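Dear colleague,

Please find below the structure that I am handing over to you. A short account of the findings follows it.

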Amino acid sequence: VHLSNRTVVINMYLFILGHDIHFHDKKIALLEAGPRKECDHMPDSYSNRVSSISPGSATLLSSFGAWDHVCSLRLKPFRRMQVWDACSEAMIVFEKDDLDDMGYIVENDVIMSALTKQLDAVADRVEVFYRSRAVGYTWPLPSHSCDTSPWVQIELADGRRLQTKLLIGADGHNSVVRKEAEIKNIEHRYDQSAVVATLHLSEATDNNVAWQRFLPTGPIALLPLSDTASSLVWSTSHEHASELLGMDEESFVDSINSAFWSNINHSDFIDTAGAMFRSAISLLKPSGTAVRQLPPSVAKVDPGSRAMFPLGMGHATEYVRHRVALIGDAAHRVHPLAGQGVNLGFGDIACLAHHLSAAAFNGSDLGSLKHLLKFETERQRHNVSLIAAVDVLKRLYSTRLAPLVLLRTWGLQATNALPPVKVRISL
Amino acid sequence: MFDVAYFYFINYYLKNYRYALSLFRFTVKRLFSTSHSSVDSKEMKKFQLLAHKWWDEEGEYSALHSMNDIRVPFIRDTLLNMSSNYHLGNPLSGVKILDVGCGGGLLSEPLGRLGASVTGIDPLEDNIRTADQHKSFDPVLAKRIQYKSSSLEEIVEESMETFDVIVASEVVEHVADLEMFIKCCSRVLKPEGSLFITTINKTQLSYILGIVVAEKIMGIVPEGTHEWEKFVPPEELERLLESNGFSVKTVNGMLYNPLSGSWSWMESMSVNYAMHAVKSGARGQSSPTDALAIPTKSVDLQGNRTF
């Protein structure tokens, strides 16, 4: 079957266009490798893959009605974020002055389900091909010769052919679209894997703080899911990660607690230097130091919820080509230590949707490089600095070397005392 | 650590690569206008050579491609402001537009995408062939746009008072008899229909930039493409329009930046400008705002008209 006149998207993110008034007579197709996922109520146990959704991303999701579904399913807002070092007393606390929600911890399944529901609402414009896979792409020549079609041709595994004016690749960090378009990707595999699990706390608490401690082997984070449950994201070396997965439950829980509570990595020198700096700050800025709170202790881990996946960093040299655009992890991949991966992707979506909407209102050909380049410039400017900063942080915190520990201790303490800098970061 | 340094380098400087490439392209760019002279076959021959180059967005016609970024919103918003009954998803739905001197269809296609029924005419058959072929790949456009190889005079008889809008972009500076052209526009336009013209002013500056620099020095435009004598000052265009049953509503200057390859609006009309005029209604009645036929209005970058 030869289907024509469609904008093809791979993966479940870009249907915001389905709701855009300027796209009212455009056809959008979504190629989804997995099966349709939707549920009206969530299972009792939590999924171990969660995301930290920033308020900006929540606004985006609510702009086309998906946030309501998320709220009706399951989510946990958090008001405070405490980040501290294992090698010193330095820490930084993020919270909004008015004690508003800083962000939300949402299971990935919940997001997918909410998006599926909203896709149904625009089914007349967006067609989803579940369990489909593209096996071949034919790219148009930029200034096309007269006989060949100027559009992108896609061949599906089941033999169907689609053609489209714009192909958006949102197929993850191993993007096939990116590879087929021969866009160079700068990537770097970290010697780290992330271990995720669903944990149960020793006692119920007002679980509205996100905790992250930088160990020399990597950051360990505890993200609230409910008053009694939290999600673990522990980035550590591959060997340690496999060890953690193989341990029995009790030892696993002990490792987590000791990672958060133990001061084994402290040294007297650093502690003294840190204390001196802290008293200096409290002279200059009395409110600049905060009391370090202790995270809740963990009692149990959900059986079967432990998993690990390797970490890396990546950035495509180009986000766009003639009739192709990359968004999300296909364009950039970041370490989870800042919880920004999915928010960067949502930022890409909002930006691309804005530019495509303006282009549609101008009657432009959607695959034209002109507006795609505007999207690329805008996002690269934002993404590159953030990815670079996260990379630097990761490397800075991966060492026990005294000079670097001192540097980061003082740096963190100073940043904690300076509201303007903190506000900039927390955005 | 080297891969990280490489990463930073690549990403911060690759953005500048595209800009450097545009600088390089600037020196080999060609700026073209469509030819609409049914009299001068010499001019037609020059455009014949480039008849298949219309749709290369970065080629000889790149400046016309980028002109769409201001002329399409200008047309769209002017028409939206004049009508109270439209759908944002299809803003020009139901509007019949005649694109005179359509060339390869660069302006016809966006107008078609916005919902209008477009008839594109051009005296050069090769241009029409290119335009027809390009629209054929898009089933929606193929139905909305009709191309015809013809001059304006030739279609007057069969198209009296047929069109809601006429667009003559980069055309009147190539026409032999401007008054005749305007009279023909008036005959095929419905009463209270709109006429949009973009063209080049006849000033010292337009001679220096448009002829000397563009043609003789930098070779952006092939030599002999434009004749300064045929450039039309806005005052004269306005006089001709007003004396032939039109009322000029908007005039605005346009500026092309060859480095960024983009157009923008400007106050001064000394080089390029755009004009919108409305044909008087039936029984010789003109619309209420007729009295102010002076270029004082402007269009902001979003295409919103401000009076």
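A residue is called buried here when its relative accessible area is under 20%. Please bear in mind that this is a predicted model.

By that cut-off, S186(B) is buried, because its relative accessible area is 14%. This serine belongs to helix α8 of chain B. Leaving out residues up to four places away in sequence, S186(B) touches N244(B), F246(B) and K279(B).

Apart from neighbours within four places in sequence, L240(B) is in contact with L178(B), E179(B) and I182(B). Between the C-alpha atoms of L240(B) and G104(B) there are 28 Å, and the two residues are 136 residues apart along the chain.

The strands of chain B deserve a description of their own. Eight of them form an open sheet with mixed pairing, in the order β3-β2-β1-β4-β5-β8-β6-β7. The edges are taken by β3 (145-149) and β7 (262-266) of chain B; each has a single partner strand, so one side of each has no neighbour in the sheet. From one strand to the next, the twist averages 20 degrees. Within this sheet, β1 (residues 96-100) and β2 (residues 117-122) of chain B pair in the parallel sense over five bridges. D99(B) stands opposite G120(B) in β2(B). Helix α5 (residues 125-136) of chain B lies across β2 and β3 of chain B and runs at about 160 degrees to β3(B).

The axes of α1 (residues 55-63) and α8 (residues 341-361) of chain A come within 9 Å and cross at roughly 45 degrees. That angle makes α1(A) oblique to α8(A). Their crossing is left-handed. On the α1(A) side, S57(A), L60(A) and L61(A) meet N343(A), F346(A) and A350(A) of α8(A). The residues of this contact comprise four nonpolar, two polar and no charged.

Yours sincerely

Methods. Residues numbered from 1 in each chain as written. Chains lettered and ligands numbered in written order. Predicted model: local features only at pLDDT ≥ 70, side-chain atom pairs only at ≥ 80, totals over all residues. Heavy atoms only, no water. Axes fitted to C-alpha atoms, helices over the stretch in contact; angles between N-to-C directions. Helix = DSSP H or I, 4+ residues; strand = E, 2+ residues; numbered from the N terminus. Parallel < 35°, antiparallel > 145°, perpendicular 65-115°, else oblique. Left-handed = near helix turned anticlockwise from the far one by under 90°. Contact = heavy atoms within 4.5 Å. Nonpolar A, V, L, I, M, F, W, Y, C, P; charged D, E, K, R; others polar. Pairing = 2+ DSSP bridges. Buried < 20%, exposed > 50% of the residue type's maximum accessible area, 1.4 Å probe, protein only.
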